[in-house]
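The following account leads the reader through a structural model, from a local feature to the contacts between chains. Please keep the sequence and the coordinates at hand while reading.

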Amino acid sequence: MTSDNDRRRGLLARLRGRPAARSRGRRRLGAAVRLLAALTLAGGAYTVFAPGAQAQDTPPLSSAAAEGKALFDVSCVTCHGRNAQGVEGRGPSLIGVGAASVEFQVSSGRMPLARQEAQAHRKPPLFTDEQTRQLAQYIQELGGGPELPEGTDLHSDGDIAAGGELFRINCSQCHAFGAGGGALSSGKFAPSLRPASDRQIYAAMLSGPQNMPVFGDNQLRPDQKADIIAYIQETLKHDQDPGGFNLGRYGPSTEGLAIFLVGIVALVFASLWIAGKS
Amino acid sequence: MKRRKFDLAAAPGKAAVGLDDRFQVATPLRRLLNKVFPDHWSFLLGEIALFSFIVLLLTGTFLTFFFEPSMTEVVYDGSYAPLRGTPMSAAYASSLDLSFEVRGGLIMRQMHHWAALLFMAAIVVHMLRVFFTGAFRKPRETNWIIGSLLFWVGFLAGFTGYSLPDDGLSGTGLRIASAIMLSIPVIGSWLTSSIFGGEFPGTIIISRFFIAHVLLIPALLLALISVHLGLVFKQKHTQWPGPGRTNGNVVGERMFPRYAIKQGGFFMIVFGVIALMGGLFQINPIWLFGPYEAWVVSAASQPDWYVMFLDGSTRLMPAWQINIPLGDGYVIPPLFWPTVVLPGILVGLSTLYPFLEARHLKDYRSHNLLQRPRDVPARTAVGAMAVAFYLVLTLSGANDVIADKFQISLNAMTWAGRVGLLVLPPLAYYVTYRLCLGLQQHDREVLAHGVETGIIRRLPDGKFVEVHQPLSAQDHDGHGALEYTGWVVPKKMNRLGALGPAIRGFFYPIEKPVEAPVSPGHPPVEPRPERAEISSGSESRH
């Protein structure tokens with residue numbers, strides 16, 4: 001134990017002891033060399049790890065993005081501002097929202113907005129698919145963000161039963177069991193999913209438009225998203241309603257209306273008729 | 001040997017004699033078959049409820065053959081692909097099989113559900129008829145109470161039935177019911193855990209609700225309905241006032257054959273309407289709601305319409321929680337007031353109403369004649385107030401669907417409900433009261449001055465007056481001598497026979513009307529005398 005300590009102490013003493021033997025000039029020279037070496041190391045490390053020195057204010061846009069920028073500067077700039085940086089009190093910044101968000105908002109006609117209100121409504125789209133893609137490309141190249149997979153059919157690989165379970169857990173609270181939509185607070189709402197395309201549903205899950213939460217790929221894997229879309233498109237939209245007219249699938253409220261408007265009205269007329277026969 | 005001839009025409013009579021010889025039924029049966037029932041369309045509303053109850057028993061029995069009231073977990077392997085491979089309770093799986101596998105199962109399930117909605121709707125409509133016409137007055141208070149109990153027992157029957165399929169909607173409703181029971185001070189926790197056999201949802205509730213739904217509650221309903229009908233029979237039906245009708249008689253049709261045939265026909269119509277609705281309108285698509293899981297609650301999860309007023313009262317209730325600093329602290333949650341106290345008050349008020357009214361009016365006589373709503377403005381106005389209150393609550397129960405589909409803010413709907421609940425009932429009271437007085441006044445006016453003939457006469461001084469047809473001889477003031485009796489007063493000349501008899505028939509004439517007029521009492525209407533063209537003289541022509 002003590003011998004270990006002694007040996008260690010001896011080593012330190014040896015290191016400390018040596019400079020005392022050196023001359024003053026050599027000591028100065030050594031300090032200068034060490035400083036130079038440290039500076040070189042720091043500078044070298046900086047050049048290795050620091051971002052590229054060639055960063056420019058405006059990166060060159062692809063041709064599609066340039067077309068998109070032209071469209072943006074005509075139709076979107078009023079609210080979203082120059083370079084999509086947003087305008088206070090009018091429209092949010094689009095930096096980082098990604099192509100998925102643009103495709104959802106523009107292809108469903110929600111953007112351009114008709115007026116400022118609680119929530120944007122679906123309406124006939126203003127831009128063609130081509131123009132929508134260009135706008136999306138522009139926003140994507142401007143700030144990155146989530147992107148959609150290729151193709152218009154995003155559900156044929158999905159498992160309908162698994163999608164149904166995921167839909168009931170994640171979506172039916174707001175969009176309702178039949179995907180007809182439902183109310184949220186203060187005039188906001190979860191829209192009906194009946195007019196939505198595969199890409200729009202996928203984009204909505206990725207980007208979480210308006211009041212919808214984001215279902216990123218770590219919450220719902222891409223294959224689970226395909227399951228959900230398959231359930232919506234195959235079951236909810238194509239269900240033949242084996243029981244007859246579905247009364248809008250609004251649950252017991254329209255059923256209650258029907259029993260009075262159809263059942264009671266018919267039977268009151270029947271009783272008028274029967275009592276009149278005397 | 002001579003063969004005896006069988007006389008077919010005499011067979012029924014002989015059989016009847018044989019029966020009477022053995023059982024001595026002719027005398028009581030004659031009394032029964034000759035019993036007279038008054039005839040008015042509004043007296044048939046209660047029958048709608050009775051007949052839908054019969055349809056409920058028939059379709060419900062069919063459903064029990066296939067339904068499995070168990071919460072054992074199974075994996076679905078039926079023909080509905082979107083749920084295949086999903087774990088669920090045996091109750092839900094058998095409900096799915098009922099809908100997709102059993103032949104005719106879906107229409108039976110839908111008829112059962114529509115019949116349940118119709119049963120409750122007819123009870124309410126019948127109750128409104130009884131209320132607004134004063135049919136609940138002495139001696140019929142007991143039947144009024146039984147009728148109100150029938151609503152609440154029907155409410156329980158509906159709720160237990162709604163819970164049985166164990167789909168997402170049923171489970172959500174059950175969860176709310178358990179929360180309501182938990183909110184009752186002191187006994188709440190014990191009540192809930194004794195009903196659910198522990199913590200919600202437990203494993204026993206479906207079997208318990210099943211036996212309540214198919215045995216206990218229907219037996220209670222059947223008993224109440226029997227007493228209800230027995231009392232109508234014993235106390236005789238009320239009738240409208242009118243010529244020949246007094247407090248001491250019943251004017252109408254004999255039970256047999258006319259009344260019985262009419263009732264039989266009406267049962268067929270009710271059955272037909274329910275079957276049509278069951279076949280044409282989809283009700284409660286349980287396959288879309290999926291199996292109940294505690295974490296699955298769909299938007300637009302509402303109870304059936306007759307429970308919706310409780311949902312509405314809960315939505316309108318502000319979050320007023322009462323903390324009582326006793327021991328570890330005690331809480332009365334806001335849910336307690338709209339879902340336990342409010343229905344309690346409603347049951348109490350509705351059952352006691354006949355006694356409250358009699359006490360208020362100091363009227364303890366027996367009444368067998370009905371009153372027109374306009375003749376008792378205060379009662380009619382109270383009824384309108386109750387209807388307004390119930391409507392606001394029911395609409396608020398669906399306020400999220402209304403808000404979404406009509407694009408109104410949900411918060412605005414809630415506040416409209418809160419304000420409406422306080423403002424609309426008094427407004428309904430006032431408006432109804434004034435309407436009743438106005439209608440009464442018009443009747444009195446006709447009795448005093450006669451029916452408007454539509455003939456305008458110009459007096460020599462240039463004044464225009466309308467000619468009235470008096471209903472009786474007039475005194476020197478030109479006023480009729482008829483008393484206000486609270487019955488229909490003719491308001492149009494053809495009610496007095498001026499245009500000959502009215503054409504009979506509901507949608508089209510039963511028989512070709514004879515050339516009017518037919519009665520010798522009414523001379524033919526003479527053609528209008530020729531009149532000179534009115535002109536202002538020759539100078540007007542240019």
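In chain B, strands β7 and β8 form a hairpin with five residues between them; helices (H or I, at least four residues) and strands (E, at least two) are DSSP runs, numbered from the N terminus. Gly462(B), in the turn, has a positive phi of about 95 degrees. The two strands, β7 (residues 451-458) and β8 (residues 464-469), run antiparallel and are joined by five bridges; strands pair if DSSP finds at least two bridges between them. Within this pairing, Ile456(B) stands opposite Glu466(B) of β8(B).

The model is predicted, so that local features need pLDDT of at least 70 and side-chain atom pairs count only at pLDDT 80 or more, while totals for chains, interfaces and linings use all residues. Residues are numbered from 1 along each chain as its sequence is written, and chains are lettered from A and ligands numbered from 1 in the order in which they are written.

Chain A contains 11 helices and two strands. Its elements follow the order α-α-α-α-α-α-α-α-β-β-α-α-α from the N terminus on. Of its 278 residues, 36% count as buried; a residue is buried if 20 or more other C-beta atoms lie within 10 Å of its own, exposed if 12 or fewer, and partly exposed in between, with C-beta atoms placed from the backbone. The domain assignment of chain A gives domain 1 (63-143) and domain 2 (160-241), and such bounds come from an automatic or database assignment. The C-alpha centres of these two domains of chain A lie 23 Å apart. Their contact takes 13 residues from domain 1 and 14 residues from domain 2, where two residues are in contact if their C-beta atoms, placed from the backbone, lie within 7 Å.

The largest nonpolar core has 143 residues; a nonpolar core is a set of buried Ala, Val, Leu, Ile, Met, Phe, Trp, Tyr and Cys residues joined through C-beta atoms within 7 Å. Among the residues with the most contacts inside this core are Ile139(A), Ile232(A), Trp114(B) and Leu118(B). Helix α5 (residues 105-133) of chain B gives the most to the core, with 16 residues. Domain 1 and domain 2 of chain A both give residues to this core, so it lies between them. Leu118(B) touches Ile259(A) and Gly263(A) as well as Ile48(B), Ser52(B) and Ile274(B), not counting residues up to four places away in sequence.

The contact between the chains takes 58 residues from chain B and 53 residues from chain A. On the side of chain B that touches chain A, α10(B) gives the most, with nine residues. The residues of that side divide into 37 nonpolar, 14 polar and seven charged; Ala, Val, Leu, Ile, Met, Phe, Trp, Tyr, Cys and Pro count as nonpolar, Asp, Glu, Lys and Arg as charged, and the others, Gly among them, as polar.

Helix α4 (residues 90-100) of chain B is mostly covered, as eight of its 11 residues are buried. Tyr92(B), Leu96(B) and Leu98(B) are among them. The buried residues of α4(B) pack against several elements of chain B, including α3 (45-64), α5 and α9 (205-235). By contrast, Val341(B), in helix α13 (residues 336-361) of chain B, is exposed, because 12 other C-beta atoms lie within 10 Å.
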